[in-house]
Amino acid sequence: RDPSSLIARVDMTDVMASPCGTPAPAEAPLDPRIAWANSIRKIVTRPDAINEDGSLNQQFFKPKKVVYAAEKAKWNDDDKENLYKGIEKYGIDPSSWKKIIEEFCPGRDVLFIRIKASRLIGSQGLNRYHGWIGTKAEVEAEYDRNKAIGLATGCWKGGILVENDHGDAMKAIRERDEREAAEGVAPPGKRTKHN
């Protein structure tokens, strides 16, 4: 198969590198699209930016210098509590961010609030939380659940659960959810919408 014929069909989320920064064991099967992307990276990417298998070396992309926010833009405990209140009232959903800003976090922008919500719940990806509403205690419980999976899979980076090329985090989440459903354990929070 001609590699150029694959270019148009590859979704960019499929070629994202392993945030965990570690290549998979040799026996783990790799999605052909990711294998293709890794092989292309070996050709076009500088060697210190990739791992031996072609996945991105996350250490390369970490900031070398820390920049501190201006005093008025600093996030404080009151802002954090207000975001908890916003999540409890409006939930985690793209349609919620502006409502949360208007009522609880004036002066902030959508991206900033989305990132802070991501940190509160401990998950880089919020798509699986669309329509999810929870109290502060439920958000903290979900953070602990995400942290447990991240530590178990090696995908806990910078205080949040991130996915790798091999889908280890999502696989562990599905297994946990299936196990809890079989045991009759209700997860924290509630859904107002279903994905």
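Predicted model: local features only at pLDDT ≥ 70, side-chain atom pairs only at ≥ 80, totals over all residues.

Author: Happy to! Let's take helix 6, where I113, A117, S118, L120 and I121 are buried. Around the helix axis these residues cover an arc of only 160°, which puts them on the same side of helix 6.

The mean pLDDT of the protein is 83, with 80% of its residues at 70 or more. Residues 1–21 have a pLDDT below 50, and this stretch makes 36 contacts in the model beyond near neighbours in sequence.

Helix 6 runs over residues 110–121, and at 1.5 Å a residue its 12 residues should span 16 Å; the end C-alpha atoms are 16 Å apart, which agrees. After helix 6 comes G122, with a positive phi near 75°.

What lies over the buried side? The cover on the buried residues of helix 6 includes helix 4 (77–90), helix 5 (97–103) and helix 7 (136–153), along with strand 1 (132–133) and strand 3 (160–161).

Two of these covering helices also meet each other: the axes of helix 4 and helix 7 come within 9 Å and cross at roughly 95°. That angle makes helix 4 roughly perpendicular to helix 7, because angles of 65 to 115 degrees count as roughly perpendicular. Helix 4 brings E81, Y84 and I87 to this contact, while helix 7 brings K136, V139 and E140.

Technical notes. Residues numbered from 1 in each chain as written. Heavy atoms only, no water. pLDDT = per-residue confidence, 0-100. Contact = heavy atoms within 4.5 Å. Helix = DSSP H or I, 4+ residues; strand = E, 2+ residues; numbered from the N terminus. Expected span 1.5 Å × (residues − 1). Buried < 20%, exposed > 50% of the residue type's maximum accessible area, 1.4 Å probe, protein only. Arc of directions from axis to C-beta. Axes fitted to C-alpha atoms, helices over the stretch in contact; angles between N-to-C directions. Parallel < 35°, antiparallel > 145°, perpendicular 65-115°, else oblique.
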